[in-house]
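Biologist: Got the model open. Can you walk me through the fold?

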Amino acid sequence: LNITHADIGTGTTPPANSDTALEEAVARAAVSSQEVSANIVTLRFFFSDSVLPNGTYTEFGTFIDGSSGVGTGKLFNRILFGDSYTKSSGEDSTFEVEITIN
């Protein structure tokens, strides 16, 4: 399992097993750090202020074997935020994904 990137977007359609991408991807970030503890993998994705435009975001997904281009690779997971995320000018953003392996 080689999760390499994450996309953030503005889509609002609930995730489905048939999803292959985000509904409305806006920006992409590579894994900025990762750690493994017992059966939990934690991945962090850093979106600098210059990469992520100001706006309101509602969806997020991770990709296997992606490249720097938005939507490349195979979608591993996709979520809608419980509360949308609003990014303002001058803000960097870090998102953390925890995967539990049983």
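Modeller: Terms come first. Helices (H or I, at least four residues) and strands (E, at least two) are DSSP runs, numbered from the N terminus. Residues are numbered from 1 along each chain as its sequence is written. This is a predicted model, where local features need pLDDT of at least 70, side-chain atom pairs count only at pLDDT 80 or more, and totals for chains, interfaces and linings use all residues; side-chain values use heavy atoms, with hydrogens and water left out.

Biologist: Fine. Where does threonine 62 lie?

Modeller: Threonine 62 is in strand 4.

Biologist: Buried or exposed?

Modeller: Threonine 62 is at 0% relative accessibility, so it counts as buried. Buried means under 20% relative accessible area, exposed over 50%, partly exposed in between (1.4 Å probe, protein chains only).

Biologist: What stands opposite threonine 62 in strand 5?

Modeller: Asparagine 77 does. The side chains of threonine 62 and asparagine 77 also make a polar contact, at 2.4 Å. That term means a pair of N or O atoms within 3.5 Å; within protein, one must be able to donate a hydrogen and the other to accept it, and residues adjacent in sequence count only if both atoms are side-chain atoms.

Biologist: Which other residues is threonine 62 in contact with?

Modeller: Leaving aside neighbours within four places in sequence, the contacts of threonine 62 include Ile3, His5, Phe45, Phe76 and Val97. Contact means heavy atoms within 4.5 Å.

Biologist: Zoom out. In what order do the strands form the sheet?

Modeller: Six strands form an open sheet, in the order 5-4-1-2-3-6, with antiparallel pairing. Strand 5 (74-87) and strand 6 (93-100) stand at the edges with a single partner strand each, so one side of each has no neighbour in the sheet. Two strands pair if DSSP finds at least two bridges between them.

Biologist: How many bridges join strand 4 to strand 5?

Modeller: Nine. Strand 3 and strand 6 pair over eight bridges, and isoleucine 40 has threonine 100 as its bridge partner in strand 6.

Biologist: New topic. Which residues have the most contacts inside the largest nonpolar core?

Modeller: Ile8, Phe45, Phe47 and Phe60, in a core of 16 residues. Such a core is a set of buried Ala, Val, Leu, Ile, Met, Phe, Trp, Tyr and Cys residues joined through side-chain atoms within 4.5 Å. Strand 3 gives the most to this core, with four residues.
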